[in-house]
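I opened my notebook and went through this structure piece by piece. Here is what I looked up, in the order I looked.

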Amino acid sequence: MATIHFHGAAQQVTGSCHLIESTAIGKVLLDCGMEQGGDDRELYQKQFAFNPQQIDAVILSHAHLDHSGMLPKLVRQGFHGRIYCTHATKALLEIMLKDAVSIYLHDLERENIRRARQGEGPLQPIIEQTDVQKTLSLCQTYDYLESISIGSAGVLKFRDAGHILGSSIVELTLTERGERKVLVFSGDLGNPDTVLMKAPSMVYHADVLMMESTYGDRDHRNYTNTCNQFADLLDKAKKQGGNVLIPSFAVGRTQELLFHLGCLYHQGRLEGWQVFLDSPMAIAVTEIYDRWAALLDKKAMHHLAKYNYDSLQSFLPNLHLTPDPDQSMALNRIKGGAIIIAGSGMCTGGRIRQHFKHRLWRTDTTVIFVGFQARNSLGRLLVDGIKHVKLFGEQIAVKAQIETLGGFSAHAGKTQLMEWQQHFKDSPKTILVHGEVSALESLAQSLWSDHHVKAMIPHEGELFSF
C-alpha cells in the first residue's frame with residue numbers, strides 16, 4: 001500500500017510538498033517548495049516534518065519557488081538523492097535558486113549589522129550558495145513523455161502542464177505485489193487562454209489524482225477582453241500623466257507581459273510609453289525562454305516572425321533593461337510615461353518595494369497586478385484596499401490606483417480545471433490541493449453537483465493511503 005503525506009500546499013496555495021511512500025519507489029517528495037506570502041527573510045524558517053536524510057528522491061513539477069525553493073535547505077540537511085525534472089526546469093532553477101539565496105544572504109547581512117549595533121551576536125545562515133550548487137548537481141533532466149525508471153518498481157513520466165517553461169504534470173506508476181497503481185499530480189495547470197505556453201496535456205488514466213485549485217472558485221476574463229482592459233488601463237494612466245508599476249513574477253508572467261506589450265506596440269497603442277524591465281532575474285529568464293522557444297506555443301512564435309523578430313526582447317522596441325541597481329534607482333526620477341515591470345510578483349521583496357516607496361503615495365501612479373496574490377502578502381493587502389503600508393521602516397500612504405488583470409493568470413480557471421478533470425476515464429480518487437479554503441470548497445462542491453465526483457480536501461499533515 002502506498003501513502004501520500006501532505007506537508008505543504010494543503011488548504012493554502014504555496015509551499016508545495018507531498019511525501020509519497022511505497023515499496024515501489026521508497027520515500028519520494030513531490031516538490032519541495034516555500035510557503036510564500038510573508039517576509040522573504042522568513043521563507044526558510046519552516047522546519048521539515050520529515051528527515052531529509054531519509055528521502056530517496058524528489059520529483060519537481062516546475063521551477064517556481066513555491067514548488068522548488070526549499071530544495072537547498074533539504075540538501076543542506078542531508079538529502080543526497082536524485083531530483084527528477086525537465087531540462088527547461090533545471091535551466092530556470094539555477095537562476096531562481098541562486099537569486100533567492102542571494103537575497104536571503106543579503107538580508108541576513110543587514111540583520112546582523114543591526115544586531116551588532118545592539119550588542120547581539122550574529123545569526124548563522126540557514127542556507128548558502130554552495131547548497132544551491134549541490135542541489136543543481138543532483139538534478140537529472142528528461143524530456144516530456146519519456147519513461148523514467150524510479151526506485152525498484154516505479155515509472156515516472158512528465159507531461160506538459162502549460163504553466164511556465166518546463167512545467168509538468170507528473171504521472172507516477174507504482175507496482176506493488178503485482179498490482180499497478182497510477183498517481184497523477186497536476187502540478188500547476190496552465191491557462192489555455194493565454195499566449196506563449198501550450199495548453200495543458202490531457203491525461204486519461206489514474207487511480208489517484210492530485211489537482212491544484214488556485215482558482216477553484218472563479219474563472220478568468222477571456223484573453224481578448226483582458227488585452228483590451230490592459231490597453232484601456234494604460235490609456236487611463238497616460239491621461240493621468242504618471243507611471244505604471246507592474247509587480248510581476250520573473251518566470252512566465254513577465255515573458256507574457258512582454259509579448260502583450262509588443263502586440264500593443266505594433267498596434268500603435270504604446271505611443272508615449274517606455275517600458276522598463278527592472279529585474280535581473282526576469283532578464284535572465286527571458287533569455288532562457290528565447291533559447292527554449294521550441295517548447296512554446298507555435299501561434300505566438302509565428303506572431304513574432306510576422307514582424308521579423310526572433311526574440312521576446314526585440315519584439316518590444318521601446319523596452320529598456322535595467323539590471324544594475326543604479327539604473328533601477330534612476331527610474332525614480334522619471335515623472336511620467338514609464339511602465340516599470342519589477343519583482344517580486346507578490347511584492348514580498350525585490351525592487352518593486354523600492355518603487356512603491358517612491359510612487360505608491362502619488363495619485364498619478366497606477367499599480368497593475370497580473371498574478372495571484374497569496375494571503376498576507378503585500379500584494380494581497382494592496383488588492384484588498386489597505387490605506388497605509390510600512391516599507392523600509394516608513395509608513396507610506398496608498399494613493400495610487402490599484403488595478404488587477406486576472407485574465408493574464410498562468411493558472412487554469414475553475415471551468416478549465418473541471419474540464420481537465422473530466423478527461424479521466426477511471427473515476428480516480430480526486431484530491432484537491434494548492435488552493436485557499438474557499439477555492440477548494442467551491443471546486444469540490446461543483447465537481448460533486450455537476451459530475452458526481454467526490455473530492456477530498458486534505459489538511460497539512462494528513463495521511464492518505466491508496
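**Entry 1: two helices side by side**

I began with α3 and helix α7 (residues 280-291), whose axes come within 10 Å and cross at roughly 175°. An angle over 145 degrees counts as roughly antiparallel, so α3 is roughly antiparallel to α7. I then listed who makes the contact: Ala91, Leu92, Ile95, Met96 and Asp99 come from α3, while α7 supplies Met281, Ala284, Val285 and Ile288. A reminder to myself: this is a predicted model.

**Entry 2: the sheet**

Next I looked up the sheet. In what order do the strands of the open sheet lie? I read β6-β5-β4-β3-β2-β1-β22, which is 7 strands with mixed pairing. At the edges I found β6 (139-142) and β22 (463-465), each pairing on one side only. From one strand to the next, the twist averages 25°. Helix α3 turned up again here: α3 (residues 87-117) packs on the sheet and touches β5 and β6. The direction of α3 makes about 110° with that of β5.

**Entry 3: β5 and its partners**

I stayed with β5 for a while. Strand β4 (residues 57-59) runs parallel to β5 (residues 82-86), and 3 bridges join them. Within this pair, I saw Ala57 opposite Arg82. I also checked β6, which pairs with β5 in the parallel sense over 4 bridges. There, Tyr84 has Gln140 of β6 as its bridge partner. I noted a general point beside this: strands of a sheet pair through backbone hydrogen bonds, either parallel or antiparallel. Is β5 mostly covered or mostly exposed? β5 is mostly covered, with 4 of its 5 residues buried.

**Entry 4: a length check on α6**

At 1.5 Å a residue, its 14 residues should span 20 Å, and the end C-alpha atoms are 20 Å apart, so the two agree. I also looked at how covered α6 is, and 12 of its 14 residues are buried. Among them are Arg253, Glu256, Phe259, Leu261 and Leu264. Just after α6, I came to Gly268, which takes a positive phi of about 75°.

**Entry 5: the cores**

Which residues touch the most other members of the largest nonpolar core? I found Phe230, Leu234 and Leu261, in a core of 82 residues. Its largest share comes from α3, with 11 residues.

**Entry 6: a glycine in a loop**

Last, I looked up Gly162, in the loop between β8 (154-160) and β9 (168-176). Is Gly162 buried or exposed? The relative accessible area of Gly162 is 3%, and buried means under 20%, so Gly162 counts as buried. Not counting residues up to four places away in sequence, Gly162 touches Ser167, Gly190, Asn191, Met197, Lys198 and Pro200.

Definitions and conventions:
Residues are numbered from 1 along each chain as its sequence is written. This is a predicted model: local features need pLDDT of at least 70, side-chain atom pairs count only at pLDDT 80 or more; totals for chains, interfaces and linings use all residues. Side-chain values use heavy atoms; hydrogens and water are left out. Two strands pair if DSSP finds at least two bridges between them. Axes are lines fitted to C-alpha atoms, for helices over the stretch in contact, and angles run from 0 to 180 degrees between N-to-C directions. Contact means heavy atoms within 4.5 Å. The expected span of a helix is 1.5 Å times one less than its number of residues. Buried means under 20% relative accessible area, exposed over 50%, partly exposed in between (1.4 Å probe, protein chains only). A nonpolar core is a set of buried Ala, Val, Leu, Ile, Met, Phe, Trp, Tyr and Cys residues joined through side-chain atoms within 4.5 Å. Angles under 35 degrees count as roughly parallel, over 145 as roughly antiparallel, 65 to 115 as roughly perpendicular and the rest as oblique.
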